[in-house]
Amino acid sequence: MKKRYLVLTVVLALSVGTGSYVLSFGNNSKEVSTLQNNTQTGHIHGKVQDYPFSESVKRATLIVKIKIKDKDHELDTPTVAKTIFNADIQEIYKDAKNLGKQSIKVMQHGNSKFSFNDNDLFKKDEVLVLFLREAEGFDNTYWLVGEETNFYKVLDNKVTKQAIMDVELKDVEIEIKKLNNKEVQVMDLEKFTKKIKDKVKEQNS
């Protein structure tokens, strides 16, 4: 299985007096420059590890369709910029620990101050299919396996993979479309979720 990694590059704009300073961290480099504004923004760019569909199903301890309720709270430091959302579970496709939960908290990279790979944060009432694992040290909280490469937005009877097309999903694919200047897969929701359940059954047999 091919695995890919990249050291994260963190860019922070910190308001100091009448100027702002940009700090870049990554590959042992450090750069400081002055900006001519007071906007406090930050961008975290990095390549996350992505897995093909079968490996994603295997690694996830919880695979669910959820609906975002609201934001619970943020983790707000440059190295730990994350947002935790409250979510209601609509369907369960894999529950390796038989937790039988009806609601969970979902941890996503990025927050109101720092974006991660220019991804939008989850929104209230958004419906998604997520591949998750438990976050250690947090109560009833789960992190995303593969981050944006492995969550799926649901709209009506379709589901869109947000990043990196997967050849294993060609058989449930409806179309390829452009999203943020990238090609993404749009799939039939019923066929996609059946594929998940079939793969879970196969891996458990």
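Which residues form one aromatic cluster?

**Figure 1. An aromatic cluster of four named residues, F53, F131, Y152 and F192.** The model shown here and in the other views is predicted. In this predicted model, F53, F131, Y152 and F192 come together as one aromatic cluster.

**Figure 2. The aromatic pair of F85 and F122.** The structure holds six aromatic pairs. In the pair shown here, the ring centres of F85 and F122 are 5.6 Å apart and the ring planes stand at 50°, so the pair is tilted. The pair links distant parts of the chain, 37 residues apart. F85 belongs to strand β6, residues 80-95, while F122 sits in the loop between β8 (114-116) and β9 (127-134). F85 is buried, with a relative accessible area of 4%. F122 is buried as well, at 5%.

**Figure 3. The aromatic pair of F122 and F151.** F122 also forms a pair with F151, and this pair is edge-to-face. The centres of the two rings are 5.2 Å apart, with 85° between the planes. Distant parts of the chain are linked here too: F122 is in the loop between β8 and β9, and F151 is in strand β11 (residues 151-155), 29 residues apart. F151 has a relative accessible area of 4%, so the residue counts as buried.

**Figure 4. The salt bridge between E91 and K65.** A search of the whole structure finds eleven salt bridges. In the one shown here, the side chains of E91 and K65 meet at 3.3 Å, N to O. E91 is partly exposed, with a relative accessible area of 33%, whereas K65 is buried, at 12%.

**Figure 5. The salt bridge between K153 and E126.** The side chains of K153 and E126 meet at 3.2 Å, N to O. K153 is in strand β11 and E126 is in the loop between β8 and β9, so this pair ties together parts that are 27 residues apart in sequence. The relative accessible area of K153 is 23%, so K153 is partly exposed. For E126 the value is 14%, so E126 is buried.

**Figure 6. The salt bridge between K199 and E202 in helix α2.** The closest N and O atoms of K199 and E202 are 3.3 Å apart. Both residues belong to helix α2 (residues 189-204). Because K199 and E202 are three residues apart in this helix, about one helical turn separates them. K199 counts as buried, at 16% relative accessibility.

**Figure 7. Positive phi values at D125 and N140.** Most residues other than glycine have a negative phi. D125 has a phi near 75°, a positive value in a residue other than glycine. The place of D125 in the chain is the loop between β8 and β9. D125 is partly exposed, with a relative accessible area of 43%. N140 is not a glycine either, but its phi is positive, at about 50°. N140 is found in the loop between β9 and β10 (141-144). At 22% relative accessibility, N140 counts as partly exposed. The cut-off for buried is under 20% relative accessible area.

Notes
Residues are numbered from 1 along each chain as its sequence is written. This is a predicted model: local features need pLDDT of at least 70, side-chain atom pairs count only at pLDDT 80 or more; totals for chains, interfaces and linings use all residues. Side-chain values use heavy atoms; hydrogens and water are left out. Rings of Phe, Tyr and Trp (its six-membered ring) pair if their centres lie within 6.5 Å; planes under 30 degrees apart count as stacked, over 60 as edge-to-face and the rest as tilted. Helices (H or I, at least four residues) and strands (E, at least two) are DSSP runs, numbered from the N terminus. Buried means under 20% relative accessible area, exposed over 50%, partly exposed in between (1.4 Å probe, protein chains only). A salt bridge is a side-chain nitrogen of Lys or Arg within 4 Å of a carboxyl oxygen of Asp or Glu.
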